[in-house]
Amino acid sequence: MPLDGLPCSGRLDTPLGAPTGPFELPLLPGSPLLAIGAVDFATIRDYAAHVTGSLPHNPVLQDAHAFARALLERWGWKDLENAWDQNTEGCLWALMDMDLQQHLPIPEAAMILRHAQPVQGQHPFMPLIQDKAPLPYEWSGQPGVLAPMLTERLSLCLARHGHHWLAASREPIMAHLADSPDDANPIHADLYLRADWAKMAHCAETLLARAAAWELIPRRNADDVQSAWLPPLRTLGRLGMLEIQFHVKDNHTRFHGHLARSARTTAPTEAQSP
């Protein structure tokens with residue numbers, strides 16, 4: 001297991017959104033494949049839009065982005081009330097893992113919205129599932145709902161826990177969220193990014209091997225992928241955790257963190273703006 005290494009810092013000449021200041025990062029059980037935190041979801045969305053707009057004009061990337069947008073529209077994402085994430089002290093979106101057991105990979109995702117006061121009333125995501133016959137459910141003594149989307153592999157689960165609104169794409173994930181501490185870590189940044197290299201490498205290796213077996217990679221067969229692509233992926237998988245904080249200032253964005261950090265020290269701590 002690596003110790004803290006490969007520190008990184010730098011500056012982007014354009015701001016990735018507007019400065020939002022410090023925020024409260026909700027605690028998350030386990031080690032997610034990818035986690036992004038900010039003061040609200042609008043900030044995460046703005047950063048994601050900027051990154052997506054900067055991607056090379058690759059047909060595969062464009063198709064993947066179009067598919068994701070179509071899926072969100074199918075789920076009624078636009079039906080959410082305006083400013084549904086207003087007055088939050090922190091928002092954490094996480095891709096916990098990928099279910100690769102069957103041919104169609106299914107993301108296992110979670111979101112936590114943190115408020116200054118204990119949350120009450122209707123979950124802000126209820127408009128997404130009101131017409132999908134959601135089932136009453138309960139986690140850790142708190143009422144919630146579960147709406148199956150694609151058998152038990154993909155179900156939108158909504159609940160609350162203390163100061164947090166919770167959402168998850170599978171019931172076991174929601175069970176872990178509901179049992180987590182109603183607490184948060186202060187982050188003196190505009191955006192927080194964390195990734196688990198081992199999980200990302202395993203996911204990429206599985207998908208690449210499957211794509212090669214199905215002859216979906218032009219001019220590459222299974223042997224090519226095995227000899228040329230998988231060894232670098234396995235090396236990345238031994239790097240531990242990636243953890244970076246972003247700070248927007250004036251007309252640029254500064255970032256600092258580690259490209260390879262020990263899993264024993266990945267709990268985010270209060271950091272000074274560079």
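Helix H3 (residues 171-178) lies across E4, strand E5 (106-115), E6, strand E7 (142-150), strand E8 (154-161) and strand E9 (164-168), and runs at about 160 degrees to E9. Helices (H or I, at least four residues) and strands (E, at least two) are DSSP runs, numbered from the N terminus. Axes are lines fitted to C-alpha atoms, for helices over the stretch in contact, with angles from 0 to 180 degrees between N-to-C directions; contact means heavy atoms within 4.5 Å. Helix H4 (residues 197-213) lies across E4, strand E11 (191-196), strand E12 (241-249) and strand E13 (252-261), at about 60 degrees to E11.

This is a predicted model, in which local features need pLDDT of at least 70 and side-chain atom pairs count only at pLDDT 80 or more, while totals for chains, interfaces and linings use all residues. Residues are numbered from 1 along each chain as its sequence is written, and side-chain values use heavy atoms, with hydrogens and water left out.

The strands form an open sheet of 11, in the order E1-E13-E12-E11-E3-E4-E5-E9-E8-E7-E6, with antiparallel pairing; two strands pair if DSSP finds at least two bridges between them. At the edges are strand E1 (5-12) and strand E6 (135-139), each of which pairs on one side only. From one strand to the next, the twist averages 15 degrees. Within the sheet, strand E3 (residues 34-38) and strand E4 (residues 88-99) are joined in the antiparallel sense by five bridges, and Gly37 has Leu92 in E4 as its bridge partner.

Confidence is expressed as pLDDT, the predictor's value for each residue from 0 to 100. The protein chain averages 81, and 80% of the residues score at least 70. Among its elements, helix H2 (residues 59-74) has the lowest mean pLDDT (58), and E9 has the highest (94). Where pLDDT is low, the predicted coordinates should not be read in detail.

Helix H5 has 15 residues and spans residues 222-236. A kink of about 40 degrees lies at Leu230, shortly before the proline Pro231; the bend at a residue is the angle between axes fitted to the seven residues ending there and the seven starting there. The buried residues of H5 are Val225, Leu230 and Leu233, and they pack against H4. Gln226, also in H5, counts as partly exposed because its relative accessibility is 42%: buried means under 20% relative accessible area, exposed over 50%, and partly exposed in between (1.4 Å probe, protein chains only). Gln226 and Ala209 are 17 residues apart in sequence, and their C-alpha atoms are 7.6 Å apart in space.

Definitions and conventions. Expected span 1.5 Å × (residues − 1).
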